[in-house]
Amino acid sequence: MLKSLLSAGGALRWVAGFENEVDFIESSAFDWLFWNAYNEIEGTALERINVTVGKLGRDVPGLMTKLGFHVGVWDGGFKLLV
């Protein structure tokens, strides 16, 4: 599904979401960490998402796995970052 969304064209460069059914508190905390990191970074959307995913992978890898967090990007082709 991620690939079809991103390959449809337009300005969409990345899509993120949870694979698993998630706990509201844990997913809300993760959302806060995600957007806080993303908004602190300057650059293109693809640069920002790459840095954000790397930071979260270092800071909260267990939570990323538990939630089933995934990010797909489109940069001339589909790539699953996590």
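This is a predicted model: local features need pLDDT of at least 70, side-chain atom pairs count only at pLDDT 80 or more; totals for chains, interfaces and linings use all residues.
1. R48 deserves a look. R48 is buried yet forms no salt bridge. The nearest side chain of opposite charge is that of E47, 8.1 Å away.

2. What does the side chain of R48 have as a polar partner? One of its polar atoms lies 3.0 Å from the backbone oxygen of I41.

3. Surroundings of R48. Leaving aside residues up to four places away in sequence, R48 touches Y38, N39, I41, E42 and G43. R48 itself sits in helix 3, residues 45–59.

4. Three strands form an open sheet in the order 1-2-3, with antiparallel pairing. Strand 1 (14–18) and strand 3 (78–80) are at the edges. Each has a single partner strand, so one side of each has no neighbour in the sheet. From one strand to the next, the twist averages 20 degrees.

5. Strands 2 and 3. Strand 2 covers residues 69–74 and runs antiparallel to strand 3. Three bridges join the pair. G72 has L80 of strand 3 as its bridge partner.

6. Helices on the sheet. Helix 2 (residues 24–40) packs on the sheet and touches strand 1 and strand 2. Its direction makes about 160 degrees with that of strand 1. Helix 3, which holds R48, lies across strand 1 and strand 2. Helix 3 runs at about 155 degrees to strand 2.

How values were computed: Residues are numbered from 1 along each chain as its sequence is written. Side-chain values use heavy atoms; hydrogens and water are left out. Helices (H or I, at least four residues) and strands (E, at least two) are DSSP runs, numbered from the N terminus. Buried means under 20% relative accessible area, exposed over 50%, partly exposed in between (1.4 Å probe, protein chains only). Lys and Arg count as positive and Asp and Glu as negative; His and the chain ends are not counted. A salt bridge is a side-chain nitrogen of Lys or Arg within 4 Å of a carboxyl oxygen of Asp or Glu. A polar contact is a pair of N or O atoms within 3.5 Å; within protein, one must be able to donate a hydrogen and the other to accept it, and residues adjacent in sequence count only if both atoms are side-chain atoms. Contact means heavy atoms within 4.5 Å. Two strands pair if DSSP finds at least two bridges between them. Axes are lines fitted to C-alpha atoms, for helices over the stretch in contact, and angles run from 0 to 180 degrees between N-to-C directions.
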